[in-house]
Every structure is written in C-alpha cells, then in structure tokens.
Amino acid sequence: MNAGLVLGFVVALLAGCATKGGNVTKPGAPVTDQNTAATQSGVQTSGMQPGSVASVDLTGQQAGGLSAADQSGMPQEMRVHFALDSDTLDESNQAIVRAHASYMAANPALRVRLEGNTDERGTRSYNLALGERRALGVRNLLMANGVAADRIEVISFGAEKPLVNGHDEMAWAENRRVDFIYARP
C-alpha cells in the first residue's frame with residue numbers, strides 16, 4: 001500500500017475525531033440548560049394549530065364607528081357569557097346570538113368580528129384556545145341562523161383583554177365571553 005495514502009487516511013481519521021471548540025465545559029463550571037431557558041421565555045403552543053389564533057389592532061374598529069342607521073335595531077346585548085371552562089352557550093345566550101343573526105339579516109352590508117375571551121385562570125395557550133372555541137361556537141350558531149361565513153371574523157384574546165379587572169368569581173364570570181364588534185367592509 002502506498003505510504004502517502006496511509007498517512008492521508010490517518011490524518012483524515014484524526015481530524016474527524018477532533019473536538020470542535022467553544023462548547024466544552026470545564027469540570028465544576030456552572031451549566032445552563034439552554035433548552036429550558038428557551039422554553040421558559042417562549043409561549044406554550046402545544047395543542048394549537050399554526051395560524052389558528054390571530055391578533056389585530058382594534059384602534060378605530062369598534063361598533064361606535066357605524067352610522068346611526070347601521071346601529072338602528074342593533075341588539076342591546078353586545079356579548080354572550082359562558083360557564084367556567086365551557087364553550088357551550090346556555091339558552092339565554094343562544095337567544096342573544098339569534099338576535100344578532102336577525103340584525104345581520106336586516107343589515108347585509110355589515111360584518112362582525114367575534115372576540116373570544118376567558119378569565120385569567122389557565123395557561124396562556126389554553127385560554128387562547130378556549131377563547132377561540134367560544135368564538136367559533138358563536139360563529140356556528142350565527143351561520144345556523146343564516147349569516148354567511150364570509151361576514152364573520154373570529155379572533156381570540158384569551159385572558160389578555162379582560163372586561164373587568166379583579167380576581168374573584170364576579171370578575172371571572174364577566175370575562176368569560178364573546179364580544180360582537182360590527183364594522184362596514
């Protein structure tokens with residue numbers, strides 16, 4: 001065998017086994033788990049579908065921007081409420097949704113954004129998902145009562161947009177809701 005070929009093979013073998021510098025920790029030195037640090041500073045997203053929850057800037061898009069004619073006949077209740085950890089509406093809240101469906105039938109140019117919210121209990125990712133399920137449930141009931149899907153936008157704020165600040169059952173009950181926000185396209 002050629003001596004130069006053997007020497008080249010040995011050099012290549014030693015180079016492949018060499019340690020690459022920079023990440024060697026000396027004995028006794030403190031160790032930081034970079035995976036844990038990244039997880040603690042990020043947002044837990046397990047169980048959520050990419051793009052399933054959006055965020056928007058609400059500036060200038062509240063129902064108050066509608067004309068008086070648009071607001072004529074608008075239901076007085078602009079939100080529905082939910083029981084703890086539930087995305088199911090009771091009969092009185094279903095009646096509110098049906099009133100909004102009738103209002104939208106009488107105002108075919110209007111669109112509605114359904115904003116799902118939760119109380120402060122639960123993780124951020126759980127609350128975003130629950131808020132979305134609540135808004136989707138209201139959307140489905142609107143659609144079952146004749147509102148076209150392309151007139152409805154769904155968004156979840158989770159616990160990030162409380163209606164009532166507080167840490168008791170009264171505040172939590174008010175914050176478990178879906179808000180109706182109307183706009184002209």
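Author: A residue is called buried when its relative accessible area is under 20%, exposed when that area is over 50%, and partly exposed in between (1.4 Å probe, protein chains only). By this criterion both arginine 113 and glutamate 115 are buried. The model is a predicted one, in which local features need pLDDT of at least 70, side-chain atom pairs count only at pLDDT 80 or more, and totals for chains, interfaces and linings use all residues. Residues are numbered from 1 along each chain as its sequence is written, and side-chain values use heavy atoms, with hydrogens and water left out.

A salt bridge here is a side-chain nitrogen of Lys or Arg within 4 Å of a carboxyl oxygen of Asp or Glu. The structure contains 12 of them. One joins the side chains of arginine 113 and glutamate 115, with an N to O distance of 3.1 Å. Glutamate 115 belongs to strand β2 (residues 111-117); helices (H or I, at least four residues) and strands (E, at least two) are DSSP runs, numbered from the N terminus. Glutamate 115 counts as buried because its relative accessible area is 0%.

Aspartate 119 counts as buried because its relative accessibility is 5%, whereas arginine 121, at 30%, is partly exposed. Arginine 176 is situated in the loop between α6 (169-175) and β4 (177-183), and its relative accessibility of 6% is why it counts as buried.

Histidine 81 is 95 residues from arginine 176 along the chain, yet their C-alpha atoms are separated by 5.7 Å.

A further salt bridge joins the side chains of arginine 124 and glutamate 160, at 2.6 Å from N to O. This pair links distant parts of the chain, 36 residues apart: arginine 124 lies in helix α5 (residues 124-144), and glutamate 160 in the loop between β3 (152-158) and α6. With a relative accessible area of 44%, arginine 124 is partly exposed.
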